[in-house]
Amino acid sequence: MREQQLDRMYQKISWRLLPFLLLCYFFAYLDRINIGFAKLQMQQDLGFSDAIYGMAAGIFFLGYVLFEVPTNLYFNKIGARKTFMRIMVLWGLTSMSMLFVTTPTMFYILRFLLGVFEAGFAPGLIFYLTYWYSGARMARVMAIVMLAAPLGGMLGAPLSTQIMTHMHDIYHMAGWQWLFLLEGLPTVLLGVMAYFYLVDRPQDAKWLTSEEKTLLQQQIHLHQAAQTHQGFKTLLKDPWIYFMALGYFSIISGIYAVGFWLPSLLKSSGVESLTSIGWLVAIPYLLSAILMNLVARRSDRYQERKWHSILPTLLAGVCLLSSVMSTHFILSFIAICFATAFMFVAYTIFWSIPAQYLTGTAAAGGIALINSIGLLGGFVSPNIMAFAQSTTQSLVAGWISIALLLGCGALLLWYAFRLKKPLSTSQAVRATS
């Protein structure tokens, strides 16, 4: 009977929260990477070099990193509704303002501000989910929410190229300007909706019964009781945090190398049509969505996080290396598809791990700290790719560098798991249904 009650309660929570959070995160990822598609027109219109583009793509993450930890620590004080509304409205308006870019300086400033305003969204979302789900359920939950990233590529790629193709020169605006306008506007609207739709904590949810609130509180308490509680200052001295963050850095480097540069790679391989590029870019993200769900379910079923995160990271590096070694376009593209999918699998399982160790202030700050350090990969990898393109007139050296980073990331994650042990299976079972 208790099992059925838990299933019904979590089903109600999931249907209420996850579709909305997935939609919000979809536009967050899309507004980060849409300059990868805008580049196909924008670079020629404005005369920007690959170095300028690489710097602008990456400088977003500097703004994000500088403001992420304080934003997430402040999350506890002002609550989810105000935090998400502020973040989404400001980043949506900034993303829309990209249509006014005419100089590299404007490009850099707006991308930096986009990072500043979006800071805290992803870790805040992850921290918010720990209010509702015990650690043993987190891989399945993260697989749904993090599906936003591959959906951003899978749906965003053809959407972006269609906007650029069919809206070009309407009202004297270029296709890339329409792209920023039309993909930034929904974020502003969703930010306003977040204030009215979400609740700050489970006890504020009028759509849960008193019995369900009590049951949920018991589940979260069981999970937290099995954890080691740390303050944020103590956490700063914990080497586990930094090995996890550096492992995440490698995964992020790979994800954003693909997100920012795959459209350009396809174009340089002879694919001229924007529409064709859009549909081809969607394929690796479709494969990612499928594998993320399958591996996350398996990870939750066996309550195993270590090898479900390490092996996909290593396989991503191997596949990426294979893609540049092949001279056949189809084989190379298939390898990139699997490399992308394995990166997103590792990304998904990775974010189910911190909830097994961190609670309270340590969870808010720790998740933000890991994400901040890791997201520097989003600054480094576009610049690695731009440097490779500028110096060798080819992206091959860049892809090899990213592949090696992924291999190092697998080793770093392996060592992080040696430093701390996750909850035992019996503890995890007590904390879940």
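## A buried tryptophan

A residue is called buried when its relative accessible area is under 20%, exposed when that area is over 50%, and partly exposed in between, using a 1.4 Å probe and protein chains only. Trp399 has a relative accessible area of 2%, so Trp399 is buried. This is a predicted model, in which local features need pLDDT of at least 70, side-chain atom pairs count only at pLDDT 80 or more, and totals for chains, interfaces and linings use all residues. Residues are numbered from 1 along each chain as its sequence is written, and side-chain values use heavy atoms, with hydrogens and water left out.

Trp399 lies in helix 18 (residues 396-419). Helices here are DSSP runs of H or I with at least four residues, strands are runs of E with at least two, and both are numbered from the N terminus. Which residues does Trp399 touch, not counting residues up to four places away in sequence? They are Ala257, Val258, Trp261, Leu265, Leu320, Val324 and Met385, where contact means heavy atoms within 4.5 Å. As for Ala341, this residue is 58 residues from Trp399 along the chain, and their C-alpha atoms are separated by 16 Å.

## Two helices that cross

Two packed helices are described by the angle between their axes and the distance between the axes. The axes of helix 2 (residues 35-46) and helix 10 (residues 175-197) come within 8 Å, and they cross at roughly 140°. Each axis is a line fitted to C-alpha atoms, for helices over the stretch in contact, and angles run from 0 to 180 degrees between N-to-C directions. The crossing of these two, helix 2 and helix 10, is left-handed. A crossing gets that name if the near helix is turned anticlockwise from the far one by less than a right angle, and is right-handed if clockwise.

From helix 2, the residues Ile35, Ala38, Gln41, Met42, Asp45 and Leu46 meet Gly175, Trp176, Leu179 and Phe180 of helix 10. Sorted by class, this contact of helix 2 with helix 10 has seven nonpolar, two polar and one charged residues. In this sorting, Ala, Val, Leu, Ile, Met, Phe, Trp, Tyr, Cys and Pro count as nonpolar, Asp, Glu, Lys and Arg as charged, and the others, Gly among them, as polar.

## Salt bridges

A salt bridge is a side-chain nitrogen of Lys or Arg within 4 Å of a carboxyl oxygen of Asp or Glu. How many salt bridges does this rule give? The count comes to five. One of them joins the side chains of Lys12 and Glu212, at 3.0 Å from N to O. This pair links distant parts of the chain, with Lys12 in helix 1 (residues 2-33) and Glu212 in helix 11 (residues 210-225), 200 residues apart. Lys12 counts as partly exposed because its relative accessibility is 31%, while Glu212, at 14%, is buried.

Arg140 forms a salt bridge with Asp300, and their closest N and O atoms are 2.7 Å apart. Here too the pair links distant parts of the chain: Arg140 is in helix 7 (residues 138-145), Asp300 is in helix 14 (residues 274-302), and they are 160 residues apart. Salt bridges that share partners join Arg140, Asp300 and Arg305 into one network. Arg140 is partly exposed, with a relative accessible area of 33%, whereas Asp300 is buried at 5%.

## Lys39 and its partners

Lys39 forms a salt bridge with Asp50, with the closest N and O atoms 3.5 Å apart. Lys39 is in helix 2 and Asp50 is in helix 3 (residues 50-78), 11 residues apart. Are these two, Lys39 and Asp50, buried or exposed? Both are buried.

The side chain of Lys39 also makes a polar contact with the side chain of Ser264, at 3.0 Å. A polar contact is a pair of N or O atoms within 3.5 Å; within protein, one must be able to donate a hydrogen and the other to accept it, and residues adjacent in sequence count only if both atoms are side-chain atoms. Ser264 is found in helix 13 (residues 239-268), and its relative accessibility is 12%, so Ser264 counts as buried. Leaving aside neighbours within four places in sequence, Ser264 is in contact with Lys39 and Leu40.

## Two positive phi values

Most residues other than glycine have a negative phi, and most peptide bonds are trans. Tyr171 has a positive phi, near 55°, and sits in the loop between helix 9 (156-166) and helix 10. Gln303 also has a positive phi, near 50°, and lies in the loop between helix 14 and helix 15 (306-325). Tyr171 is exposed, with a relative accessible area of 69%, whereas Gln303 is buried at 18%.
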